[in-house]
Amino acid sequence: MTFPSLCRHIASYVSSVLILLLCLFVGQLAAKYSGGVLPGSIVGMIFLALLLSLGLVKLHWVEAGANFLIRWMALLFVPIGVGLIDNLELLANSLVAILLTCLLGTVLIMALAGWLFQALERRQ
């Protein structure tokens, strides 16, 4: 790889990560000033999806950075795992509530997906 192509490669990573971070920042601001109904990261992803669907941001602009982050996503969960281990007693005290929430959430999502699939099948 020549030096100019290496520089272009690095620049594509940096620019795509900057676009992703800008969407995250906009999402954090929107969540902060809207009362925090949704987490800022979710609002940022919705904002990015909106920009992509409107064609204001091209997929190849963010693809390199998104693939890089997905490739290293497991590493990003290490601090969360360490935090969970630090608060193991708190988790143990709330284990029933956590498991019940996971179970009810799974059942609710499955029912909603089934209902949506049947509704879409009736339309065709």
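In these legends, buried means under 20% relative accessible area, exposed means over 50%, and partly exposed is anything in between (1.4 Å probe, protein chains only). This is a predicted model, in which local features need pLDDT of at least 70 and side-chain atom pairs count only at pLDDT 80 or more, while totals for chains, interfaces and linings use all residues. Residues are numbered from 1 along each chain as its sequence is written, and side-chain values use heavy atoms, with hydrogens and water left out.

View A. Cys-102 has a relative accessible area of 47%, so it counts as partly exposed. Cys-7 is also in the partly exposed class, at 35%. How many disulfides does a search of the whole structure find? The search comes back with zero, a disulfide being a pair of cysteine sulfur atoms within 2.5 Å.

**View B. A nonpolar patch on the surface.** Twelve names make up this one: Phe-68, Leu-69, Ile-70, Trp-72, Met-73, Leu-75, Leu-76, Phe-77, Val-78, Ile-80, Val-82 and Leu-84, with about 1,100 Å² of accessible area together. Helices H3 (59-71), H4 (73-76) and H5 (78-86) each give the patch two or more residues. H5 puts in the largest share, four residues. Trp-72 sits in the loop between H3 and H4, and its relative accessibility of 45% makes it partly exposed. Patches here take residues with over 30% relative accessible area and no salt bridge, joining like charges within 9 Å and nonpolar side chains (Val, Leu, Ile, Met, Phe, Trp, Tyr) within 5 Å. A salt bridge is a side-chain nitrogen of Lys or Arg within 4 Å of a carboxyl oxygen of Asp or Glu. Areas come from the Shrake-Rupley method with a 1.4 Å probe, and for residues only the protein chains shown count as cover. Helices (H or I, at least four residues) and strands (E, at least two) are DSSP runs, numbered from the N terminus.

**View C. Tyr-13 meets Phe-68.** The count of aromatic pairs comes to one. Tyr-13 and Phe-68 make an edge-to-face pair, 5.8 Å centre to centre with 75° between the planes. Tyr-13 lies in helix H1 (residues 3-33) and Phe-68 in helix H3, so the pair ties together parts that are 55 residues apart in sequence. Tyr-13 is partly exposed at 23% relative accessibility, and Phe-68 is partly exposed at 35%. Rings of Phe, Tyr and Trp (its six-membered ring) pair if their centres lie within 6.5 Å; planes under 30 degrees apart are stacked, over 60 edge-to-face, and the rest tilted.

**View D. Stretches annotated as transmembrane.** An unreviewed UniProt entry places "transmembrane region" at residues 12-31, 37-56, 68-85 and 91-117. Residues 12-31 are 100% helix and 0% strand, with the end C-alpha atoms 29 Å apart. Residues 68-85 are 89% helix and 0% strand, and there the end C-alpha atoms are 27 Å apart.

View E. Leu-108 is found in H7 (residues 95-123) and is exposed, at 59% relative accessible area. Between Leu-108 and His-9 there are 44 Å, C-alpha to C-alpha, and the two are 99 residues apart in sequence. Ile-109, also found in H7, is exposed at 55%.

Note on methods
UniProt positions renumbered as here; feature names shortened; annotations may be inferred.
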